[in-house]
Amino acid sequence: MQKSRSTEAAKHGFATSDDMARILGNLDPTKMLPIMELRPTILDIEEASMWLAGDRDVFGPGLPLQGIASQIVAILTADEEEEEPPRSG
């Protein structure tokens, strides 16, 4: 039981680049550096990862992602928002 308390405490500490790679995979430095500047916790990164994976119901039906986790998602999806398909017509 002691281990679970230390695991929970660790989730609230600041994440390292190793934590980010373990949770989000290898990121381009142009994405990793701005995320690290936010000083996210492991929990923030895990929430962003769940959101990106489509597990949005974890946060409550229809509730938006907030805080640093939301900023992480914005950084990771910024390129997707810029790449809009050409419009015909």
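**Reading burial in a helical model**

Author: Let's start with Thr-77: its relative accessible area is 11%, and buried means under 20%, so Thr-77 counts as buried in this predicted model.

Reader: Okay, and which helix is Thr-77 in?

Author: Thr-77 belongs to α5.

Reader: What lies 2.7 Å from a polar atom of the Thr-77 side chain?

Author: That's the backbone oxygen of Val-73.

Reader: And what is Val-73 in contact with, leaving aside its neighbours within four places in sequence?

Author: Ala-48, Trp-51, Leu-52 and Leu-65.

Reader: How should I read a nonpolar core, and which residues have the most contacts inside the largest one here?

Author: The general idea first: in soluble globular proteins, nonpolar side chains tend to be buried together. Here, the largest nonpolar core is made up of 15 residues, and Met-20, Ile-35, Ile-45, Ala-48, Leu-65, Ile-72 and Val-73 have the most contacts inside it. At least two core residues come from each of α2 (17-24), α3 (29-37), α4 (42-52) and α5 (67-82). With five residues, α5 gives the largest share.

Reader: Now α3. Which of its residues are buried, and why do they count as being on the same side?

Author: Lys-31, Met-32 and Ile-35 are the buried ones. They cover an arc of only 95° around the axis, so they sit on the same side of α3.

Reader: Which residues are exposed on the other side of α3?

Author: You'll find Pro-29, Thr-30, Leu-33 and Glu-37 exposed there.

Definitions and conventions: Residues numbered from 1 in each chain as written. Predicted model: local features only at pLDDT ≥ 70, side-chain atom pairs only at ≥ 80, totals over all residues. Heavy atoms only, no water. Core = buried A, V, L, I, M, F, W, Y, C linked by side-chain atoms within 4.5 Å. Buried < 20%, exposed > 50% of the residue type's maximum accessible area, 1.4 Å probe, protein only. Helix = DSSP H or I, 4+ residues; strand = E, 2+ residues; numbered from the N terminus. Contact = heavy atoms within 4.5 Å. Arc of directions from axis to C-beta. Polar contact = N/O pair within 3.5 Å; in protein donor to acceptor, adjacent residues only side chain to side chain.
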